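Reader: I am new to this structure. Please show it to me, and then let me ask about its parts.

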Amino acid sequence: MSNILIITAHPSSHNLTKGMADIYKNEKEAQGHDVTLLDLYKDKQLEYHHFEDAHNPPPLSEAQQYYQGLIKDASEIVFVYPFWWGTMPAILKNWLDSTLYTGFAFTYGDNGRPVGLLQGRSVRVITTCGAPKFFYVLNGINRANVNIWKKSIIKFCGMDYNGFHLFGGVDTSGEKVESIFESVKKLANS
């Protein structure tokens, strides 16, 4: 079976994101897969990426080596997070900046074009928002996030895109929780 890496990014220990990630994990484990579930707020912390290090990076920190090892071992990577300010939480963006380094996730070919180095992995994004999903579809934010994930992160690093799933209209009443959990089960089994 395969190794699956699930990465969550929500500062509260009791949240819908965690519940969704747990369901995905349980479904995959029931299928016989090995699953690692990371909570970026509780796991190894990363320094913020410094621009000066972009072309001459310092040696990788222990946390960077740890995360890159998990990425290398994964055949599927799943990101589960709340949709804040029209995008991912800052801790997740920093995680991407700090782990998907040139020479590990991509390189540049002789023609100057990027060559992804993380082939053989699929990536799925699952996110929630308080506003109804159609709001983000109408104003173009959903499409922009799909393109960022699909083209600027996943394909850029040579991985396969397996969907961007935005669950909207989530509020404190919890009315949609069960239907969202059922949708996540279906995703884990697709």
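Reader: Is Trp85 buried or exposed?

Author: This is a predicted model. Trp85 has a relative accessibility of 88%. The cut-off for exposed is over 50%. Therefore Trp85 counts as exposed.

Reader: Where is Trp85 found, and between which elements?

Author: Its backbone has a positive phi of about 50°, although Trp85 is not a glycine. As for its place, Trp85 is found in the loop between β3 and α3.

Reader: How many residues of α3 are buried?

Author: The buried ones are Ile91, Leu92, Asn94, Trp95, Leu96, Ser98 and Thr99. They make α3 largely enclosed by the rest of the structure. Out of 10 residues in α3, the number buried is seven.

Reader: How many residues does the largest nonpolar core have?

Author: In soluble globular proteins, nonpolar side chains tend to be buried together. In this chain, Phe79, Tyr81, Leu92, Trp95 and Trp149 have the most contacts inside the largest nonpolar core. The elements that give two or more residues to this core are β1 (3-8), α2 (62-73), β3 (76-82), α3 (90-99), β6 (122-128), α5 (141-155) and β7 (160-167). The core has 37 residues.

Reader: How many residues are in the other core that lies apart from it?

Author: Among its members are Ala21, Phe167, Ile180 and Val184. This other core has 17 residues.

Reader: Is Tyr101 buried or exposed?

Author: Tyr101 is placed in the loop between α3 and β4 (106-108). Its relative accessibility is 12%. Buried means under 20%. So Tyr101 counts as buried.

Reader: Which residues does Tyr101 touch, not counting those up to four places away in sequence?

Author: Take Gln68 as one of them. Tyr101 and Gln68 are 33 residues apart in sequence, yet their C-alpha atoms are 9.4 Å apart in space.

Reader: Which residues is Val35 in contact with, leaving aside neighbours within four places in sequence?

Author: Val35 is found in strand β2 (residues 34-39). Val35 is buried, with a relative accessible area of 14%. Its C-alpha atom and that of Tyr24, 11 residues apart along the chain, are separated by 9.5 Å. The contacts of Val35 are Ile4, Ile6, Lys25, Lys28 and Glu29.

Reader: What pattern do the helices and strands follow along the sequence?

Author: The chain has six helices and seven strands. Read along the sequence, they give β-α-β-α-β-α-β-β-β-α-α-β-α.

Reader: What is the radius of gyration of the chain?

Author: The C-alpha trace spans about 50 × 40 × 30 Å along its principal axes. With 190 residues, a compact globule would have a radius of gyration near 16 Å. The value for the chain agrees with that: 17 Å.

Reader: What share of the residues is buried?

Author: The accessible surface comes to about 10,100 Å², and 53% of it belongs to carbon and sulfur atoms. Of the 190 residues in the chain, the buried share is 45%.

Reader: How far apart do the centres of the positive and negative side chains lie?

Author: The chain has 18 positive and 19 negative side chains. The centres of these two sets lie apart by 8 Å.

Note on methods. Residues are numbered from 1 along each chain as its sequence is written. This is a predicted model: local features need pLDDT of at least 70, side-chain atom pairs count only at pLDDT 80 or more; totals for chains, interfaces and linings use all residues. Side-chain values use heavy atoms; hydrogens and water are left out. Helices (H or I, at least four residues) and strands (E, at least two) are DSSP runs, numbered from the N terminus. The radius of gyration is taken over C-alpha atoms; the globule rule is 2.2 Å times the number of residues to the power 0.38. Buried means under 20% relative accessible area, exposed over 50%, partly exposed in between (1.4 Å probe, protein chains only). Accessible areas come from the Shrake-Rupley method with a 1.4 Å probe; for residues, only the protein chains shown count as cover. Lys and Arg count as positive and Asp and Glu as negative; His and the chain ends are not counted. The place of a charge is taken as NZ of Lys, CZ of Arg, CG of Asp or CD of Glu. A nonpolar core is a set of buried Ala, Val, Leu, Ile, Met, Phe, Trp, Tyr and Cys residues joined through side-chain atoms within 4.5 Å. Contact means heavy atoms within 4.5 Å.
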